[in-house]
Amino acid sequence: GINAEYMGFIKQTMQKEILLEDTMMVIALNKEGKYFESITRADADTKMYGLKMQLDVNTDIYPIEMGRHYSLCIAKTLSLDGAEDKGTYNPEGIGPSLMDKYEYVMYGKIFKSEIDKSGELAIYGSFGGLMMSLKGAVKILSAFAVDANVYLLLKKIQSHKF
């Protein structure tokens with residue numbers, strides 16, 4: 001097996017590469033209407049950091065449900081050792097990765113960051129045209145850089161306790 005010292009190194013390294021890890025609860029679906037048959041825009045609140053999120057999800061691939069809780073991760077790389085991402089995905093020989101812990105993965109880019117009227121930071125990303133917005137405390141979202149490539153990963157949480 002992998003020794004504890006190595007696992008500690010991996011955890012420390014990944015802390016720099018993971019921009020956000022939280023639990024989100026879907027509070028609304030398509031509240032402004034549905035424009036594309038296979039895309040759902042979910043509004044969600046996060047448990048740990050109290051963020052407000054809007055996220056487009058391809059529901060042909062990954063159905064998203066009202067009131068359901070999801071484990072959310074946004075990271076710079078999928079590599080468990082924090083190795084820099086080359087911007088290409090090769091399913092051959094990828095080995096263990098962050099994807100192993102999640103059910104739905106998107107790759108995209110942070111394209112905008114702004115302070116809103118209330119003093120909160122708003123971050124905007126695009127994942128092949130599927131949009132994401134995250135709003136919350138500056139100290140929580142300050143690691144997100146405009147033009148950064150990121151992975152967004154989701155997994156259903158079985159328990160509905162929030």
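Predicted model: local features only at pLDDT ≥ 70, side-chain atom pairs only at ≥ 80, totals over all residues.
Ile39 stands opposite Asn58 in strand β3.

## Overall layout

Two helices and eight strands are found in the protein chain. Read along the sequence, they follow the pattern α-β-β-β-β-β-β-β-α-β. The chain has 162 residues, and buried residues make up 40% of them. Among contacts with a separation of 6 or more, 61% are between residues 24 or more positions apart.

## Paired strands

Strand β2 covers residues 39-46 and is joined to β3 by seven bridges, the two strands running antiparallel. Besides the pair already named, Asp43 stands opposite Gln54 in β3. The hairpin of β2 and β3 has five residues between the strands, and Gly50 in this hairpin takes a positive phi near 60°.

Strand β2 also pairs with β1: five bridges join them, and they run antiparallel. Here Val26 stands opposite Ala44 in β2. Strand β3 in turn is joined by four bridges to strand β7 (residues 130-136), again in an antiparallel arrangement. The bridge partner of Lys52 in β7 is Lys135.

How many residues of β2 are buried? Six of its eight residues are, so β2 is largely enclosed by the rest of the structure. Strand β3 (residues 52-58) has six of its seven residues buried, so β3 is likewise largely enclosed by the rest of the structure.

In soluble globular proteins, nonpolar side chains tend to be buried together. In this model the largest nonpolar core has 31 residues, and those with the most contacts inside it are Ile74, Met132, Leu134, Leu152 and Leu154. Strand β1 (residues 18-29) gives the largest share of this core, four residues. A second, separate core has eight residues, including Cys73, Ala75, Tyr102 and Leu153.

Which residues does Ile74 contact, leaving aside its neighbours within four places in sequence? They are Glu17, Ile18, Leu19, Leu20, Met132, Leu134, Phe144, Val150, Tyr151 and Leu152.

## Two residues in the loop between β4 and β5

Thr77 lies in the loop between β4 (69-75) and β5 (104-115). Ser97 is found in the loop between β4 and β5 as well. Is Thr77 buried or exposed? Its relative accessible area is 3%, and buried means under 20%, so Thr77 is buried. For Ser97 the value is 4%, which is under the 20% limit, so Ser97 is buried too.

Both side chains take part in a polar contact with a backbone nitrogen. A polar atom of the side chain of Thr77 lies 3.1 Å from the backbone nitrogen of Ser79. The side chain of Ser97 reaches the backbone nitrogen of Met99 at 3.1 Å. Not counting residues up to four places away in sequence, Ser97 touches Leu78 and Leu80.

## Aromatic pairs

A pair of aromatic rings is described by the distance of the centres and the angle of the planes. A search of the whole structure finds four aromatic pairs. Two of them are listed here.

| Pair | Centre to centre | Angle between planes | Arrangement |
|---|---|---|---|
| Tyr62 and Tyr104 | 5.0 Å | 15° | stacked |
| Tyr107 and Tyr151 | 4.7 Å | 45° | tilted |

Why is the pair of Tyr62 and Tyr104 stacked? Its planes are at 15°, and planes under 30 degrees apart count as stacked. Tyr62 lies in the loop between β3 and β4 and Tyr104 in strand β5, so this pair ties together parts that are 42 residues apart in sequence. Tyr62 and Tyr104 are both buried. Together with Tyr70, they form one aromatic cluster.

Tyr151, with a relative accessible area of 7%, is buried. Tyr151 is also one of the residues in contact with Ile74.

Note on methods:
Residues numbered from 1 in each chain as written. Heavy atoms only, no water. Core = buried A, V, L, I, M, F, W, Y, C linked by side-chain atoms within 4.5 Å. Buried < 20%, exposed > 50% of the residue type's maximum accessible area, 1.4 Å probe, protein only. Contact = heavy atoms within 4.5 Å. Pairing = 2+ DSSP bridges. Polar contact = N/O pair within 3.5 Å; in protein donor to acceptor, adjacent residues only side chain to side chain. Phe/Tyr/Trp six-rings, centres within 6.5 Å; stacked < 30°, edge-to-face > 60°.
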